[in-house]
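Hi,

Here is the structure I promised to pass on. Have a look at it first, and then read my notes below.

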Amino acid sequence: MLKNALAGAAFAVSALVCSTAFAQTIGFSQVGSEGDWRPAFSANMQESAKDYGIDLKFANAQGKQEEQLRAVRAFIAQGVDAIIIAPVVVTGWDQVLQEAKEAEIPIFLVDRDVEVKDPSLYVTRISADFNLEGKLAGAWLAAESKGTCKIVELQGTTGSAPAIERKKGFEAVIGQFPAMEIVATQSGDFTTEGGKKVMEAFIKSTNNLDGICASFAHNDNMQLGAIQAMKEAGLKPGKDVLMVSVDYVPAIVEALKAGEANASVELRSAVGKFIYPVILDYLKSPQELPKWIVIPSDLHTAN
Amino acid sequence: MSDRGTLNRIIALRHNRAVWPLLALALILIVDGFISPNFFDIRIVEGRLFGNLIDILYRAVPAALIALGMAVVIGTKGIDLSVGSIIAICGAVIAWRIQAGDPHLLILFYALVAGAVCGVWNGFLVAGLGIQPIIATLVLMVAGRGIGLLINLFYGGTNPSFESELLQGLSTGNIWLIPTRLFVALGLFLALWALIRRTALGLFIEAVGGNAAASNLAGVNSRLVTFFAYVICGVMAAAAGVIMTADTHTSDPVSVAMYSELDAILAVVIGGASLAGGRVFLGMTVIGALVIQALTTSILISGLPPEYNLVIKALVVMAVLFLQSDNARSAISRLIPGGSR
């Protein structure tokens with residue numbers, strides 16, 4: 001009896017030792033916690049790390065690159081097995097990535113991209129394709145409006161990668177349809193406040209959205225602001241005007257149910273299950289990976 | 001002869017500080033009229049007045065409230081960089097307490113108290129510890145949005161949107177044909193005006209801003225006056241925060257009212273006050289806020305690509321400040337032959 005218990009305990013201890021010996025330590029430097037999407041993304045990364053038995057060291061850069069560089073250097077000093085970076089900005093990475101390479105720690109990018117002279121400085125980027133999201137939104141709208149549609153566009157923060165790529169993807173699709181055009185476009189800075197202000201101005205400048213068939217917003221928050229602005233002007237969003245946006249945050253799910261929004265392209269926040277297997281496989285047997293592994297996007301409509 | 005008299009009176013007007021900001025506002029609106037032919041149309045939609053001019057007044061309300069508080073602080077030779085963060089905290093408090101199911105009137109009170117507490121903190125750092133205002137308020141400016149995020153975490157924070165009849169009534173509702181927030185703004189303006197101009201407080205504030213040591217010798221408790229100015233500023237920012245948060249039905253501490261402190265400071269300066277303190281111009285500060293909002297609305301309806309927004313704003317602001325500068329004006333009149341006095 002006692003022997004069994006001892007053996008059991010010994011087994012448990014050895015199992016514990018083994019699991020710590022094999023558990024991978026991964027550092028994750030996140031941009032910050034803005035909006036609805038990113039906190040959900042951070043929470044999922046931390047949750048699903050446990051499922052994969054990963055010891056995740058999480059660092060929030062609060063939107064500052066210098067904070068992020070410091071976090072990455074700290075990960076290098078700690079000798080983690082791999083580093084995940086969701087870059088704040090695209091430039092200024094060569095030096096610190098070189099340091100990681102010299103320490104033989106592989107770098108994985110998630111979410112946004114980086115511009116480096118030597119692409120071997122990181123293994124791969126695992127993220128959604130903003131361009132594809134724009135294309136999906138455009139394709140849905142083309143089908144729904146049968147290829148005839150005057151569109152108002154609420155852009156994200158001017159110059160940001162999602163704003164540029166979602167616009168390009170969207171325009172690439174609607175460019176195929178001669179009767180589809182963007183008649184007004186402005187930046188709502190990815191915020192509800194910004195979306196509402198811009199839509200209020202559009203409502204005035206287009207005589208109550210006369211002849212406008214759709215509103216395309218680069219994220220849901222701006223679209224939610226636009227929905228409020230339209231309701232306050234006595235318009236029926238979702239019925240008078242087709243509403244398509246990107247992100248699929250909880251509040252737009254409710255708007256879809258209420259018929260005030262028509263479609264939202266999901267930017268998945270539960271992406272740990274796409275990211276961790278790639279990293280763990282790589283750590284087990286390092287090999288050349290494509291520079292970009294796309295996480296599939298999904299379009300949700302009211303029904 | 002009488003023509004000459006009128007002319008002289010018009011020339012004398014240029015020394016009136018109200019003229020230049022009003023002229024700038026008028027010019028912006030005239031340009032808008034050219035950009036968009038039906039710019040000045042006002043209709044009745046959903047039982048309220050509806051049009052670009054109403055939009056400018058409507059959208060200027062939060063900025064004007066923030067700027068009024070800022071005007072009082074600047075009057076004491078101070079500055080409050082934390083107003084945007086105070087708004088973020090108020091928004092988070094509102095969303096949190098609504099999710100917790102408190103009565104909404106109480107929540108309105110909590111939000112204003114949160115603003116007052118922030119003001120007390122700033123006032124304590126500036127007046128109590130004697131830290132320079134720009135640094136003292138920088139503390140809350142940096143930390144405030146993080147505090148807002150922490151408050152969001154109290155209830156999970158994944159969907160911080162809410163509905164509230166009372167708060168949204170104050171922000172987006174209307175009384176008769178007029179948006180309610182204009183009455184809110186007018187009420188707060190009159191209350192602040194009475195506090196500053198109908199009590200000795202305004203005089204004390206301007207005295208402290210002009211020369212704190214001298215006013216101390218004259219028996220004014222300059223630390224108490226300065227402290228009180230920051231509390232006023234916190235409460236005014238909180239009022240703006242209630243309106244902005246109820247407007248968007250959501251709490252977004254990271255981005256709400258971003259850079260609003262800069263617009264508020266700008267409004268105070270366009271209103272003719274000096275950052276060196278000593279003067280509080282409440283009415284002119286509101287005009288300053290209207291100039292900025294008229295400009296923002298014009299850019300939105302202009303149809304220009306958004307890449308130009310900030311550049312145009314900077315150019316127009318430069319032009320307005322240029323108009324206001326006595327040095328610049330006299331330099332120009334010296335350049336024009338016969339124009340010099």
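A word on terms before the notes: helices (H or I, at least four residues) and strands (E, at least two) are DSSP runs, numbered from the N terminus. Please keep in mind that this is a predicted model, in which local features need pLDDT of at least 70 and side-chain atom pairs count only at pLDDT 80 or more, while totals for chains, interfaces and linings use all residues. Residues are numbered from 1 along each chain as its sequence is written, chains are lettered from A in the order in which they are written, and side-chain values use heavy atoms, with hydrogens and water left out.

**Domains of chain A**

Chain A splits into domain 1 (2-122) and domain 2 (130-266), with bounds that come from an automatic or database domain assignment. Their C-alpha centres are 36 Å apart.

**The parallel sheet**

In chain A, six strands make an open sheet with parallel pairing, in the order 2-1-3-4-5-11; two strands pair if DSSP finds at least two bridges between them. Strand 2 (55-60) and strand 11 (292-295) of chain A are its edges, each pairing on one side only. On average, neighbouring strands of this sheet are turned by 20 degrees against each other, direction ignored. (Axes are lines fitted to C-alpha atoms, for helices over the stretch in contact, and angles run from 0 to 180 degrees between N-to-C directions.) Four bridges link strand 1 (residues 25-30) and strand 3 (residues 82-85) of chain A in the parallel sense, and Gly27(A) has Ile83(A) as its bridge partner in strand 3. Helix 3 (residues 65-78) of chain A packs on the sheet and touches strand 1, strand 2 and strand 3, where contact means heavy atoms within 4.5 Å. The direction of helix 3 of chain A makes about 175 degrees with that of strand 1.

**The mixed sheet**

Another open sheet of six strands in chain A has the order 7-6-8-9-10-12 and mixed pairing. The edge strands here are strand 7 (179-187) and strand 12 (298-301) of chain A. Strand 8 (residues 214-217) and strand 9 (residues 242-247) of chain A run parallel, joined by four bridges; Ala217(A) is partnered by Ser245(A) in strand 9. Helix 7 (residues 192-205) of chain A packs on the sheet against strand 6, strand 7 and strand 8.

**The second largest pocket**

On a 1 Å grid over the protein atoms alone, a pocket is an open set of points where a 1.4 Å probe fits, with protein on both sides within 12 Å along at least five of seven lines; lining residues have an atom within 4 Å of a point. Which residues lie nearest the centre of the second largest pocket? They are Gln228(A), Ser161(B), Phe162(B), Glu163(B) and His249(B), out of 23 lining residues. Helix 8 of chain A gives the largest share of the lining, six residues.

Best wishes
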